[in-house]
Amino acid sequence: MTSREGPMKPLPLAASIAPRWGTERRERLLDAVHGRIERVRSLRRLATLATVMVALLLGVGFAWRARSTNHGAVASATGVNGAVTGVNGFVGNGAGVNGSATGMNGFVGNGAGVNGSATGVNVGANNAVAGGNAGAVAAVSRQEVRFSDGSSVHLLGDDAALDIGTASPDAVEVTLRTGTAEFAITPNPRRRFIVHAGVADVSVLGTQFRVTRTAERVRVEVTRGRVSVTYAGGTRLLTDGESNWFPPAELAEPTLGDPTSATGSTSATGSTSATGATSATGATSATGSASATGATSATGSASATAGGVSPTGSGVKGTQDPRTERGRFLEHASRGEYAEAYAAIERTPDVVGNDAGDLLRAADAARFSDHPREATRYLERVVHEHPRDSVAPLAAFTLGRIELSQLGQPAKAADAFARAFALAPGGSLAEDALARETEAAELAGERDRARQLGEQYLARYPNGRRADSVRKAAGLIDGKASSQSR
Amino acid sequence: MSAADRKPPRPGYSHLRVVDGSASVDERLDFDSMFRRYSPYVASVGVRLLGRDDEVDDLIQDVFLEAHRGLSSVRDPGAIKGWLARICVRRAVRRLRRRKLRAWLSFESLVYEPASAAIDASPETRAEVTRLYYELEKLPALVRAAWVLRHLEGQSLDDIAAACTCSKSTVQRRLRSADAVLRAIGSVAAGVVNEP
C-alpha cells in the first residue's frame with residue numbers, strides 16, 4: 001500500500017514484464033550509443049568551425065571596411081591629379097597609407113606640394129597625398145582633413161596647403177605651409193595638437209580657431225576655447241574672440257610687415273601680460289638684427305636678465321639640434337627621469353619653451369634632481385609670465401613649498417603662498433595656501449601677519465582640516481590646547 | 001571471444017569506481033563498463049515504464065547518451081544507478097507524452113502491444129499485462145511513472161521521489177491518484193494493489 005514508505009514487493013505480474021535482454025543486444029546498443037556520441041562530436045566540431053569562420057569573415061569584413069575608408073580618403077585627396085585609380089590600387093594592395101610615398105609620388109607627383117619625404121599627408125588645391133602616417137586621420141579630402149576624434153581642418157582658399165606630420169592618438173602636429181586654415185579641435189587632454197605655421201606654433205587646448213600664414217607673419221583668430229601661441233618672442237594665450245598677428249607688431253621688423261599688418265596687429269583686449277613686457281625687452285635688446293633669429297636671441301637675453309636661466313638663443317648656440325634635445329628633454333620629463341631631463345636643460349637651455357607647461361616641466365626636472373633654486377626660477381616665470389594660466393596657482397604654491405622646506409626662506413615662502421591664494425581664492429589650493437602662508441609668516445617672525453592670516457583662515461574655514469595648526473601658528477591658542485582639541 | 005573483448009578500450013573515468021556489492025570496489029568504471037553494468041537495469045525500468053519492448057532500444061540510447069555528457073562530473077560512483085534511473089524516468093515520461101500527443105493528433109485510438117513486454121509469459125499473463133497497460137495509458141505520464149516504480153519495480157518512496165525529481169509527498173499524492181483511477185475503472189491492477 002502507499003502508506004508504507006520503504007521498498008515493497010513488486011506485483012507478481014512484474015516478473016513477466018521484462019525486456020528480452022542478451023549480450024548481443026547489449027553490445028549492439030553500446031555500438032549504437034558510441035556512433036551517436038561520435039555524430040554529436042562531429043556536429044560540435046562543425047559548429048565550432050562554423051563559428052570561427054563567421055568570426056573570421058566578420059573580422060576580415062571590418063578590416064576591409066576600415067581599409068576602404070582610408071582608401072576613399074586617399075583617392076579623394078589625389079583626385080586633383082586624376083590619379084585616383086592608380087593610388088587606389090596602390091593602397092588596396094595592403095601597403096596602406098604608411099610608407100607609400102614613393103609610389104604615390106611616382107604616380108601622382110605632378111603637384112607642386114608633393115614632397116617625397118614620406119613624412120606626412122599633404123593636402124592642398126595643387127597638391128596631392130605625399131605620404132603616410134595617417135594613423136589618426138580619418139579622412140582627407142581636397143579641402144578638409146578629418147581626424148578620428150572628430151577634429152577637423154578646413155583649408156580656405158586655393159593657396160592653402162597643409163602638411164600632416166604626426167597624427168597619432170597622443171599627438172597631432174600639422175604644418176600650415178601657406179594660406180588660411182580653420183581648425184575645429186575636439187578637446188582631448190591626452191592628445192597634443194600643435195599647428196606649426198612658420199614663425200609661430202599654435203598649441204591647441206580644444207577649440208575652434210583660424211590660422212592665416214603670410215610670408216613673414218601668422219594670424220591666429222580664436223572663435224571658441226583657447227590656444228597657446230609660441231613664437232620667437234614668447235608665448236601668448238588667446239581665448240574666445242581674441243586674435244593677433246605673430247610675432248606681434250612690436251617685435252616684427254617694420255619692413256617685413258605685410259599689407260594687412262595694420263589690421264592684423266590689433267592685439268586682443270586684455271591679453272597683454274608679463275609676456276608682452278618680456279617681448280618688448282627682447283625686441284629692444286635685439287635692435288638692428290630683427291630677423292627671426294635675432295628675435296630668438298633677444299628672448300634669450302631677456303630671459304637671462306629676468307631669471308638668469310636661459311642664456312642664449314638657439315640661433316647662437318647651434319652645436320646640438322635643439323629639437324632633438326628638446327625631444328629628449330620631453331621624453332625624460334614624461335618618464336619621470338628628472339636627472340636626465342635636467343641634464344638636457346643644462347646642455348641646451350632652449351629646450352625649455354616659454355609656455356607654462358614647459359616651465360613647470362623644467363621646474364619639476366630641477367627640483368626632483370636636487371636643484372631647488374633653479375626650480376624656483378622656472379616657477380617664478382610661470383607665476384609672472386602666465387598668471388592667467390590654470391597652472392599658475394599650483395606653480396606659486398609649489399614655489400612656496402620649496403622656499404619653505406628646501407631653501408629655508410619662510411618670508412619668500414609666505415609671499416609665494418599669498419600669491420597662490422590671490423591667483424585662485426576659490427580654488428582647490430586656496431585653503432592650504434592660506435594655512436601655509438600663516439605658518440610661513442609665523443616662522444618668518446611676522447607674528448602680526450600670522451595672526452591676521454590665522455583669523456582670516458578661521459573665518460573662511462571654521463572647520464578646516466588645518467584649523468588647529470593655523471590656530472597654533474597664529475598664536476590664537478596655546479599648543480597644549482591645540483593638542484587637546486586635536 | 002565475446003564482442004566486448006574484440007573492441008578497443010575506450011577512454012574511462014579514472015575517478016569512478018564500481019561500488020555495487022556485486023563487483024570489486026577497485027574496478028575502474030569507464031563508459032563501456034558502466035553501460036554493460038547498468039544497461040539491463042535501465043532496460044528493465046524502461047520496458048516497465050513504456051510497456052513496450054520495441055521502444056526500449058531508443059530509450060537506452062537516449063539515456064546513455066545523456067549520461068555520457070555528464071559522466072565526467074559524477075563524483076559519487078554510488079549515485080550512478082539512481083542518476084541513470086532519473087534520466088530514464090525523465091526520458092520515458094517524455095516519450096509517453098509524445099506518444100499521447102501523436103495519438104491525439106492522428107485522431108486514432110492508441111494501438112497497444114504491451115504483450116511485447118511479456119513475450120515469454122503465458123497467454124493468461126500476457127492478457128493481464130495487456131489489460132494493465134491499457135488502463136495505465138489513461139493515467140498522466142508522471143502518475144503512471146510513480147505507480148510503475150512503486151508496484152512493478154518495488155522501489156521505496158524516497159527512491160521514487162529521487163527518480164521523479166519531486167518530493168515524497170508528491171509521490172504519495174500521485175500514487176493515491178493512480179489508485180483512485182484504477183479502482184474507479186475496476187481494473188485488475190486496482191484489485192491487485194489493494195491486496196495487503
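**Strands and a pocket**

1. In chain A, strand β3 (residues 144–147) and strand β4 (residues 152–167) run antiparallel and are joined by three bridges; strands here are DSSP runs of E of at least two residues, helices are runs of H or I of at least four, and both are numbered from the N terminus. Two strands are said to pair if DSSP finds at least two bridges between them. Arg146(A) stands opposite Ser152(A) in β4(A), and in the hairpin of β3(A) and β4(A), with four residues between the strands, Gly150(A) takes a positive phi near 100°.

2. This is a predicted model, in which local features need pLDDT of at least 70 and side-chain atom pairs count only at pLDDT 80 or more, while totals for chains, interfaces and linings use all residues. Residues are numbered from 1 along each chain as its sequence is written, chains are lettered from A and ligands numbered from 1 in the order in which they are written, and side-chain values use heavy atoms, with hydrogens and water left out.

3. β4(A) is also joined by eleven bridges to strand β5 (residues 171–184) of chain A, and the two run antiparallel. They form a hairpin with three residues between them, and Leu155(A) stands opposite Ala181(A) in β5(A).

4. The second largest pocket has a volume of about 220 Å³ (on a 1 Å grid over the protein atoms alone, an open set of points where a 1.4 Å probe fits, with protein on both sides within 12 Å along at least five of seven lines; lining residues have an atom within 4 Å of a point). Of its 13 lining residues, the closest to the centre are Glu380(A), Leu399(A), Glu403(A), Lys412(A) and Ala416(A).

5. The largest share of this lining, six residues, comes from α10(A). The lining divides into four nonpolar, two polar and seven charged residues, where Asp, Glu, Lys and Arg count as charged, Ala, Val, Leu, Ile, Met, Phe, Trp, Tyr, Cys and Pro as nonpolar, and the others, Gly among them, as polar.

Definitions and conventions:
Grid points are joined across faces, edges and corners, and a volume is the space filled by probe spheres set on the points.
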